[in-house]
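This report describes one protein model, heading by heading. Keep the sequence and the structure in view while reading.

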Amino acid sequence: MKDLASLLKALNPDADMALRHVWLIKLFEWIRGDQTSVPAAVSRVQSFMDAVEMQPEVHARLQAWWQTLMQTVDITTLLADFGFAPRTAFVSELAERLRRKLLPGTPETTDASELFPLVAPTRFDAQWMGALEEAQISRLTQLLSASPQIDALHWQYSLMDALTYCTAQIRATGFAPELRLRMNRATPHARAFHALPADIDELRNAFFKPDRDEAQLQSAIAQYRERLDACRQAVNSIYIHLEDHGISVGMVFRLRQLRERILRVRELLDSLLSPKPAMAAVKLLGRRVIMAQEGKSIGALISANSTLLSAKMAERSAETGETYITRTREEYREMLGKAMGGGAVTAFTTLLKFMIVGIGLSAFWSGFWAGVMYSASFILIQLLHFTLATKQPAMTAPAMAAKLKDLGAADAANTIEAFVDEVTHLVRSQVAAVFGNVFMVVPAVLLINTLIQLLLGRPMISATEAHHVLETLTLLGPTLLWAGFTGGILFAASMIAGWTENWFVLHHLDSAMRHNPRITTVLGSERAARWSIFMRDNISGFASNIALGFMLGLIPAFTGFFGLELEARHVTLSTGQLAAAGASLGLEALRHWPIWSCIIAIPLIGALNLGVSFYLAFRLALQAHNVSNLDRARIRTAIWERLRSHPRSFFMP
């Protein structure tokens, strides 16, 4: 109580703005206490009211302070704009949240949306506000206001102003070209945004009319609510368009802001029409406390606004991933042949890698040209319709997760059975791909080494380089850690592929290539059409291969600069390097442990490459398809049962 006495003594309605607001901040600090008990905080509010009532002079100062607060602080911004980005752009909101996290706020402000987070900065404030009883809130209202009717009218005008501002924001966002052009114009809701200003004006006139006509007011309210619902329907039609024409984080951000504005209008309208305005005001302020806490989270902002983009990237990857899953003997043999072709190309990649290292460039330029070489090699594999095994899991995982969309349906057992079938198809597809790559890269490297030996009289690499290869691939070193890290690189490359394809579709680049006059003048209409189809079919693969190539080449160089020394361990490339080292050292090397340590590491590298990339992609796909709360125990049980009963199905069709 000593602190309360000091607070009441410091109350000065004639003080500077900052000091008046600091007093309010300290009052809330006193009410919160140690934030361990909501009843204790409510009890302190009761004590505050009792102390004020017992001291008429303090009561008069409190009412004067409250009147000054109402006259100097604009509460409309807290009601209408609090929780929304100052600009309808994701990057701007991200920067604003960083600013709020890093820079302190000031109580010297007339903006209630800036003052409120300083006054009520914790979720505990929402808890004790929500615990206040109606009688306590009514009593507090009487203590604060010398003229409750005038303050109630001021509150209603503030709410109506907030409704007007929110309505203007909704209308402006609805007219934004990137949204308006994507709305379904065939629906009756397409022009709903046009009439919003007239509806809010009619509501304002009916509500504040001296001789209020209740029937007219209810009609205006009903019309306004119907118009908002029509706007919501128009916004929903945009999501359907995005399913077919691509999506961007900026667009998702605008849509989320628009939908939340519509919800804010409904909240404000309910408060305006509430028969208990004081109770409605306290509940509204309590929600603002929660909103302030949620508005601090950068992770929540990124997660909420990237969900749709992640879903679209996963769907793009799922479309590509279907081609990597074999279901019949013919497809299995075809996959094996494609993988062998990929292994043969990787043998030449191994040769080029050693040639680049042998030049002796600086770390960056060695990594850069290695990245160029890797990218060109992977693109060649793509254009020849061959397969690189480790690229498959990040693409096939979304295709598999799509099978789980209907797990909650009545035929969940059949859905799980179908998913287990996909697991067996995927595993044996990966086995075929890895086996084909490794089976072919070894003899191809040995053949290249023999040709070099005949032409130049020396092996592909020297004995010193061969020993270095064994040291880097040995099972006793960080090889397995790097293999898992490489799985993350493979997943990142697949996400870049999905994002690039989505970006390509979003900006209609295939249509631009087919119809743009400057392009058709140079290429001709038929060739431009062929090129547009070619790029639409291959843009994802190009992006994935180029990204993967440069990450494999440059990540060791960049991390080495900072002393982290992160390395990539790709199963096919590692096998090629090991084959070159073995050819250089000869059969004698097989009699020693170091080379066997590397041979044992190869299948483990492959398993980690595949497993980590598949796990990350599968988790993303589950989230994108809203199936993250599945009963995974049933799925695991079904997979183990299939493994026990038909183990051969995981390896051979």
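How many disulfides does a search of the whole structure find?

## Disulfides and cysteines

The search finds 0 disulfides, a disulfide being a pair of cysteine sulfur atoms within 2.5 Å. Cys166 is buried, at a relative accessible area of 0%, and Cys231 is buried at 0% as well. Buried means under 20% relative accessible area, exposed over 50%, and partly exposed in between, with a 1.4 Å probe and protein chains only.

## Model and confidence

This is a predicted model, in which local features need pLDDT of at least 70 and side-chain atom pairs count only at pLDDT 80 or more, while totals for chains, interfaces and linings use all residues. Residues are numbered from 1 along each chain as its sequence is written, and side-chain values use heavy atoms, without hydrogens and water.

The mean pLDDT (the predictor's confidence in each residue, from 0 to 100) is 84 for the protein, and 86% of the residues score at least 70. Confidence is lowest in helix α19 (residues 392-401), with a mean of 56, and highest in helix α18 (residues 363-383), with 93. Where pLDDT is low, the predicted coordinates should not be read in detail.

## Packing of helix α9

Helix α9 (residues 134-144) packs against helix α15 (residues 277-294) at about 100°, with the axes 9 Å apart. The two are therefore roughly perpendicular, a word that covers angles of 65 to 115 degrees. Glu134, Ile137 and Thr141 of α9 make the contact (heavy atoms within 4.5 Å) with Ala278, Met279 and Val282 of α15.

Helix α4 (residues 56-72) also packs with α9, at an angle of about 85° and with axes 8 Å apart.

Note on methods: Axes fitted to C-alpha atoms, helices over the stretch in contact; angles between N-to-C directions. Helix = DSSP H or I, 4+ residues; strand = E, 2+ residues; numbered from the N terminus. Parallel < 35°, antiparallel > 145°, perpendicular 65-115°, else oblique.
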